[in-house]
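Start with the overall fold, then move to the charged side chains. Keep the model open while reading.

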Amino acid sequence: MQIQLPIAPRDVVLPDYGADGLYGFARGLRDWLREPGAAWPQAGIGMGARTVVVLLIIDGLGDGFLARHGSGSTLLAHRVRPMSSVFPSTTASAVTLLHTGLSPAEHGLNGWFIHDRRFGGVIAPLPLLQRGNGPVDAFRLTSRLFPYDSMFRGAQRPVTVLSPADLALSRFSRHHSRGARILPYKGLDELGPAILQAAAVLQGVGGLVHAYYPVFDAISHAYGAHSSQALSVFARIDTLFGALSVALRDSGAVLLATADHGFIDAPPEKVVSIEPGSAVAQMLAAPLFGERRAAFCALRKGAEGEFDAWAATELQGKAVALPGKAVLESGLLGPGKPNRRLRERVGDRVLLMERGWTLVDTVEGEKPHAMIGVHGGLSADEMWVPLIRSAP
């Protein structure tokens, strides 16, 4: 699938929606789970194999970070190749892909915040919160907001999903893990034994242990993509991967690791802020949605020309502005039948930020959330994630 943007930020990495990107990896997994005789070539799994596969998803571990900071690590030693993330390069879009096999165009979660007027406007679909107004609740909320199945539903191979205890039973997690056995865990010290126990249950039968670890992402947001705190968490993850590799070596299991996106740091001097009541805020029909690195904008009727003039002058060298229609037609959000709400969720204009730049606005009732590490854009450090494999 060829992506064609009329204009893009400098030095972009466009998502690969073919066989070699994260999208192809997830599609291969879905086929392998649902067709007993299928191979999963991206993971090196042959046809008909009753293999136990452990897939460790390390939220935020970019391939660039691994190359810079992974010298001597087990993770780097077992790195196979890079894969491109999807657009936006963010958890809501990519983790949903890894649970469904659907592109962002298909599942419609094109950012941490999405626009859905059925549920009050701009909401965060993972925690199910409305910007500035607390929890989202509505009749048949999850089935309407997520009108698609998990790849585990209807799987012909057994699946166990391991998620942190504070996330495992959320409405988002329950919907996207449907068809799998869900096991909550508390902390990295519990994750390793839980993985080994789940893998042992599958011996002789084959199947998937799908384990998600979010702490590296949270630490990178708070302290920075190359901070000592991020390096410390990475070292602990590497120790876990090494221990799992040794423990699974004689079982015939395949141990994989990858991520949903990478990170860059956003210095304070490269933050564009839209203040409440400002001229720009008055051009918007809703708060910004998407990501700080890829902002989707709903404009008030008649404000399009004024907004474009502002973007052309005030965002010169900081972002490129594209019509929402152009982004929809470009293929940037991936292949497949578009989600029915996708046009609304892309909005009238899309702002793709240049490297290092972020865009934020403020909503009444919402506590400002400072971030050092960010993602969601199209830079190499955000887009490339590693494929890591340890097998007998």
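This is a predicted model: local features need pLDDT of at least 70, side-chain atom pairs count only at pLDDT 80 or more; totals for chains, interfaces and linings use all residues.

Residues are numbered from 1 along each chain as its sequence is written, and side-chain values use heavy atoms, with hydrogens and water left out.

The protein chain holds 15 helices and 19 strands. Both are DSSP runs numbered from the N terminus (helices: H or I, at least four residues; strands: E, at least two). The radius of gyration is 20 Å, close to the 21 Å from the globule rule for 392 residues, so the chain is as compact as a globular protein of that length. That radius is taken over C-alpha atoms, and the rule is 2.2 Å times the number of residues to the power 0.38. Along the principal axes, the C-alpha trace spans about 65 × 45 × 40 Å.

Of the 392 residues, 57% count as buried. Buried means under 20% relative accessible area, exposed over 50%, and partly exposed in between (1.4 Å probe, protein chains only). Now take contacts, meaning heavy atoms within 4.5 Å. Among those between residues at least 6 apart in sequence, 75% join residues at least 24 apart.

Turn to the charges. Side chains of opposite charge can pair when their charged atoms come close. How many salt bridges does a search of the whole structure find? The search gives 15. Each is a side-chain nitrogen of Lys or Arg within 4 Å of a carboxyl oxygen of Asp or Glu.

One of them pairs arginine 79 with aspartate 63, at 2.8 Å from N to O. Arginine 79 sits in strand E2 (residues 79–84) and aspartate 63 in helix H2 (residues 63–69), so the bridge ties together parts 16 residues apart in sequence. Aspartate 63 is buried at 10%, while arginine 79 is partly exposed at 30%.

Another joins aspartate 189 and arginine 236, at 3.6 Å. Here the partners are in helix H8 (residues 188–201) and helix H10 (residues 228–248), so the pair links parts 47 residues apart in sequence. Aspartate 189 is exposed at 64%; arginine 236 is partly exposed at 43%.

Aspartate 381 and arginine 355 also form a bridge, with their closest N and O atoms 3.1 Å apart. Aspartate 381 lies in helix H15 (residues 380–383) and arginine 355 in the loop between strand E16 (349–353) and strand E17 (358–361), so parts 26 residues apart in sequence are tied together. Aspartate 381 is buried at 11%, whereas arginine 355 is partly exposed at 46%. Elsewhere, bridges that share partners join Asp116, Arg117, Arg118, Arg341, Glu344 and Arg345 into one network.
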